[in-house]
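Have the viewer open and follow along.

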Amino acid sequence: MREDAGLREQIRALAPWFHNLHLPGGVQTAPDHPLGDFPSFKWAQIAPHLPDDLSGWTALDIGCNAGFYSFELARRGAAVTAVDVDPHYLRQARWAAERLGLGERIAFRRMQIYDLVREPQRYDLVWFMGVLYHLRHPLLALDIVRRKTRRLMVLQALTAPGEESAETPPDLPIDARERLRDPAWPTMAFIERRLAGDPTNWWAPTHACLEAMLRSAGFEIRARIAHETYLCAPGEPAEGMAGAIEAELRAATGT
């Protein structure tokens, strides 16, 4: 009991927590999370779509927060690099990794997603959950993520309501722009101020738009495995666009 009390005091000192981590002895970091047991329920949806054994795999967790997904991937055998821009979350993640006995399997780094373009390493699995809509340059980010992905990428992103989807033409005539107002056309809403009180919520793409963006960046969508969640593999951008996309990426990132 005294050990649990000490652990709970350390959890309080590291608060607030967005990830509800289950620590040894049954102690949890955010048992009253407004979303429930988050992100455990998200992991339960995604986990069956991944190899049970990730031994020999490298994994990159972009926007790792307190490290929940990094810990699960490490438990499956992956060597994980976990990055976040927020030192508060990285302190939580490093602390929790030691409590869970996973500190040697995970390297935590403070960096922006755009910094990854200067890193030479590619990863067998890239974990990209809950980040895209917080970025002012989401398509640039997807171009970078494709560069980093060797085998698989898991993406979750906030989307606008609606399940409509339509096949778009290879070339839309300029006098047919009324089609851009079709509910099934891939569109993305820009959030100038705040969404849910968060000034970093910049974008809300439709389901159709998110899939179109993934294809544009050169990802093959293997499955829509849960709400707003996709399993992808790296491929090639649209025919004839690879050179232009690469040149723009280099110019934007100074590489």
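**Helices, pockets and backbone**

Helix 5 passes helix 6 in a right-handed crossing, and this is a predicted model.

Q: Is helix 5 parallel, oblique or perpendicular to helix 6?
A: Two packed helices are described by the angle between their axes and the distance between the axes. Helix 5 (residues 138-148) and helix 6 (residues 207-217) have axes 9 Å apart, at an angle of about 50 degrees. That angle makes helix 5, relative to helix 6, oblique.

Q: How many charged residues are in the contact of helix 5 with helix 6?
A: Helix 5 brings Pro 138, Leu 139, Leu 142, Asp 143 and Arg 146, while helix 6 brings Met 213, Leu 214 and Ala 217. By class, the contact of helix 5 with helix 6 has 6 nonpolar residues and no polar ones, and the number of charged residues is 2.

Q: How are helix 5 and helix 7 oriented to each other, roughly parallel or roughly perpendicular?
A: The axes of helix 5 and helix 7 come within 11 Å. They cross at roughly 105 degrees, and angles of 65 to 115 degrees fall in one class. Helix 5 and helix 7 are therefore roughly perpendicular.

Q: How many residues of the contact of helix 5 with helix 7 are charged?
A: On the helix 5 side the contact uses Leu 140, Asp 143, Ile 144 and Arg 147. On the helix 7 side there are Ile 245, Glu 246, Leu 249, Arg 250, Ala 252 and Thr 253. The residues of this contact divide into 5 nonpolar and 1 polar, with the charged ones numbering 4.

Q: Which helix gives the most to the lining of the second largest pocket?
A: The second largest pocket has a volume of about 560 Å³ and is lined by 21 residues, with Leu 139, Ala 212, Met 213, Arg 215 and Ser 216 nearest its centre. Helix 5, helix 6 and helix 7 (242-253) each give two or more residues to this lining. The most, 5 residues, comes from helix 6.

Q: How many residues of the lining of the largest pocket are nonpolar?
A: The largest pocket, with a volume of about 1,200 Å³, is lined by 41 residues, and Phe 18, Gly 130, Val 131, Tyr 133 and His 134 lie nearest its centre. Helix 2 (40-46), strand 1 (58-62) and strand 2 (79-84) each supply at least two residues of the lining. By class, 12 lining residues are polar and 7 are charged, and the nonpolar ones number 22.

Q: What is phi of Asn 65 near?
A: Asn 65 lies in the loop between strand 1 and helix 3 (68-75). Its phi is positive in a residue other than glycine, with a value near 55 degrees.

Q: What separates the C-alpha atoms of Arg 222 and Cys 232?
A: Arg 222 is part of strand 8 (residues 219-226). Arg 222 touches Leu 152, Leu 231, Cys 232 and Ala 233, leaving aside residues up to four places away in sequence. Arg 222 and Cys 232 are 10 residues apart along the chain, and their C-alpha atoms are separated by 5.1 Å.

Definitions and conventions
Residues numbered from 1 in each chain as written. Predicted model: local features only at pLDDT ≥ 70, side-chain atom pairs only at ≥ 80, totals over all residues. Heavy atoms only, no water. Axes fitted to C-alpha atoms, helices over the stretch in contact; angles between N-to-C directions. Helix = DSSP H or I, 4+ residues; strand = E, 2+ residues; numbered from the N terminus. Parallel < 35°, antiparallel > 145°, perpendicular 65-115°, else oblique. Left-handed = near helix turned anticlockwise from the far one by under 90°. Contact = heavy atoms within 4.5 Å. Nonpolar A, V, L, I, M, F, W, Y, C, P; charged D, E, K, R; others polar. 1 Å grid on protein atoms, 1.4 Å probe; cavity = no way out; pocket = protein on both sides within 12 Å on 5 of 7 lines; lining within 4 Å. Points joined across faces, edges and corners; volume = space filled by probe spheres on them.
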